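User: Could you walk me through how to read a few features of this model?

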Amino acid sequence: MEKTKSQFLVLGAGVGGICSAIDLAETGYSVTLVEKGPRTGGIMPQLDHQFPDDHCGMCRMLPMVDREPGAQTCLKRGLSHPNIRILTHTTLTDLSGNPGDYTAVLTSVSRGVDALRCTRCMACIDVCPVSVLDAFNDRAGDRNAIYQPFFGNPEALPTIDWDNCTRCGECAQACPNSAIDLERVELTESVAPVSGVIVAGGNPLYDPAVTDLYGYGVLPNVVTATAFERILSGSGPFRGQPVRPSDGHPIRRVAWIQCVGSRNVMIGAGHCSSTCCMFAVKEALLAKKTLGSDTDTTIFYMDMRTYGRDSQRYRDRAEEESGVRFIRCRIHSVDPADDPGDLKLTYLDDLGQPGEATFDMVVLSTGAGVQKELPPLLADKTDQGAVVTIGPEAGLQDIRETVLRAHGAVSSLLEKLNMDSRAKTIPKTGRAGDKSVNRFMQQPVIQVLVLDNGVVKAPQVEWPAIEGRLERSPGNIFVNRLSIIDGKDLSLELETVLKETRGNRLLVVSNHIAGYRATLTKRFEEAGFSAPLVEWVDLNRNDVSMGTETIQPDAAMKPIQVALMRLLHKRPSRGMAQVVENSALVIGAGPAGLSAAVSLAEQGVVVHLVEKEISIGGNGPRIQDEHQRRPIDQLIVRAKGHPNISIHTGATLGALSGRPGHFEGWVVKENMEIPLSFGAAIIATGGTPAITEAYGMGKHPPLVSHFDFEKKVLDPRFAEDTLNTVVMIQCAGSREEPRNYCSRTCCVKALDNALRVRQLFPHARIVIFYRDIMTYGKSEELYAKARTRRIRFIPFNKSKPPVVRTEGDTVVVDGFDPVMGEAVHLKADWVSLAVGMVPKPIHDLCRLLEVPVTPDGFVHEADAKWRPVDTINPGVFVCGLAKGPLRADEAVAEGTAAALRALRLLNRTELAPQRHSAVVRHAICSRCYLCVDSCPYGARFVEPVLGQVEVDPVACQGCGTCASVCPNSATVMGENEDFTVMNVIEAALM
């Protein structure tokens, strides 16, 4: 692989770090991903399920276009990409130089286990006498001082916990392969030149043991939310048979306590941690699924912060369909109950009445812990623009926000460094445009590499007999045996074999592969063998070795024959490479669209910015707060003056055709059709304030939306009037069908308005009726400030909202204050209704772009967590209010993220056809076109001349939907033809 001109350092291999590394790698740069811990993945390997689909989708961060260079594997187990080098047990110890030309010093600590000798027999773990609380299970179980960092990965190498290791030597004596080294060794490496650094250190969770909250650390059945997830997990301490930690009792009653370590000024944690509410709802549903639908699940909360597009409906389903109980209250204490192990919760409910309940377990929804400050060597360079951080300053973020911030950080870094996306060399790993891939496009010729582990005490194999059988197998097969003696370097011998081989497919056979796999994969990639062209057979498996010391040839040949059969049927990639046009279409010139356009333009991409209105800025000019509006005004100026941006106002997209990398269409403007061609499109059509008749909106002059009330409050003439009472009602026509979502902006808007009124009228009565105050993250500080300014907050249920009526010319609001236990009768000078936001009508546009729309009219993203600004059409992206409700600053951030995702496509000069894409057998195709209608990616179309169905091999994602609906079996999924699959099955059964 040719070295790229620029390389980057990513510190931290959690979700944000992995996402950043993949973004940089897919944009064409080389990356060193540094992780101080023993594994990658951050908190994600601890979690099996994520809202909203209750599945794990971490692998969806992997490339969806031009997949072959990177291994398509579970990211919990590890990341493999030709442009990414991963260093665990490593920290940055020095960074010197200037932006674009840093020199980094990395210090690595040995893990104490030789990867080349270790066979993962785990004998070392079995004999270790030291037991400590397992941080991976969040103290819900124990582990030894030598341990496997991730139980769910059978190939994970054991590592020594140097802080707890006593050097007793038991593990070294038990190891049959002399793989244990009890000397802690530090190695230093210098990396230069480094163009920039992304810091993705993550956010620690609050430790409730610090303040002894609710008996954590004393009562064994009080656990954190992370620990409870591990208890339910098949890879957790109870291996999928969850029981109560204290006594193994079945778990039938579970309580969640929200805001532990958050929204608590007494412990210096006045913020909201943003993620805990939806985490608890997900876990309650997970408990119902795992422990039984009759499990008693109760969530005790102050405000359920179900902000965003999908959260409220998810919460409603949990309550109405699954029976999860929600109790608004303040928890007083958690104490031991009468029965051993049981726990008694004492609380005050929303009516101010005391209550008690007994549970088997109590789960603490812990928020963000104390943020670690950046070390001086990084903090001193953040103002230089080439050191960018993800997360800490924004507090705890959920997966979606972390992914968005990672995209934004990469885009910002490349923009600040003035890096043209096509000003570097794309690594040659069998991608389109590389003449050296010609032999890989030909029929299979298999090179077999037999790795003979001469010293490692893995099961022994009769290699001569195996080689003889391989050479007599059908097909073009060449066999080379490489002897691994005492862990010697394979580089020279392997380089010779790969250089001289006529093979275009690789089969690696060994009785111990795990320790060599990463090194070999890199060598294979450098020689042009991408992941789909390589098969691995490790004979050190239970179904082959069966615990014996010698593997018989008959047993060894079964998995080898299966792998051979798969390789023999790997055909050349079908289709021609598709040229990528280095230009983009951005539809909508609001905050999100402007941000996307400017970000792309700064990186050398030609941008066509299309806006339906006669001016640009979207909702920006409606923002009254100067501080919030200033960044949008700056984007407007930058967009108007940028040479790479063409602005079309009063225009709409009239037609569109093409595929990812090359679209053609025209823009309709003043009855003229302006032709355009571009490689990617970004939807940023925005939204508008909702229109509602809730509470009599529009019938009485003093009854206005919170947007209009903001204008009045900021008008200097407003202070000249007399004001006695202002009433604000939240969720007016929102968070209930048919508009059952939170618009994210309303609560903050109401608090801002209330505080302005308080400043102008110190003695006025200000009352806010609310269902839940959605001040997530740092905006909780605004809520806390409002409570100290004599602003009265009255909660209400959806079934019993306040009543707005008139008495003569006066608007009256009647309600009930559950805290005070009294009816409320308010004669209001103004009633401000939080009406929320709705998307602009975009159904026709989405049909042109072949992307789906949600029932609420928003563009449906490819994946809510892992691909939040992608659509199912690989060349079309979405951001801002077109995708879901959000604040202006969040829209700007989403625009930057969408630009980065588009850049990953536009940085290529060509797109190679995907090996796994579908193929149509025209001889038996009846042209019913069912497959065209069913394709979720728009990858199938009707060729206009012959009328036959064709497949775009770049857009096709190999999902198989077309094959499932085809009545004639005329669709074949890549290499998985009937005879291919049957031959593989036959080889497995021989």
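This is a predicted model: local features need pLDDT of at least 70, side-chain atom pairs count only at pLDDT 80 or more; totals for chains, interfaces and linings use all residues.

User: What is the strand order in the open sheet of five strands?

Analyst: Strands of a sheet pair through backbone hydrogen bonds, either parallel or antiparallel. Here the order is β29-β28-β27-β33-β44, with parallel pairing (strands are DSSP runs of E, at least two residues, numbered from the N terminus; a pair needs at least two DSSP bridges). β29 (645-649) and β44 (876-878) are the edges; each has a single partner strand, so one side of each lacks a neighbour in the sheet. Within the sheet, β27 (residues 583-587) and β33 (residues 680-683) pair over four bridges, and I587 has I683 in β33 as its bridge partner.

User: Is helix α4 (residues 225-232) enclosed or open?

Analyst: Eight of its eight residues are buried, so helix α4 is largely enclosed by the rest of the structure (helices are DSSP runs of H or I, at least four residues; buried means under 20% relative accessible area, exposed over 50%, partly exposed in between, with a 1.4 Å probe and protein chains only). Its cover includes β12 (222-224), β13 (253-260), α5 (276-291) and β18 (361-366), where contact means heavy atoms within 4.5 Å.

User: And is L989 buried or exposed?

Analyst: L989, in helix α23 (residues 978-989), is exposed, with a relative accessible area of 68%.

Definitions and conventions: Residues are numbered from 1 along each chain as its sequence is written. Side-chain values use heavy atoms; hydrogens and water are left out.
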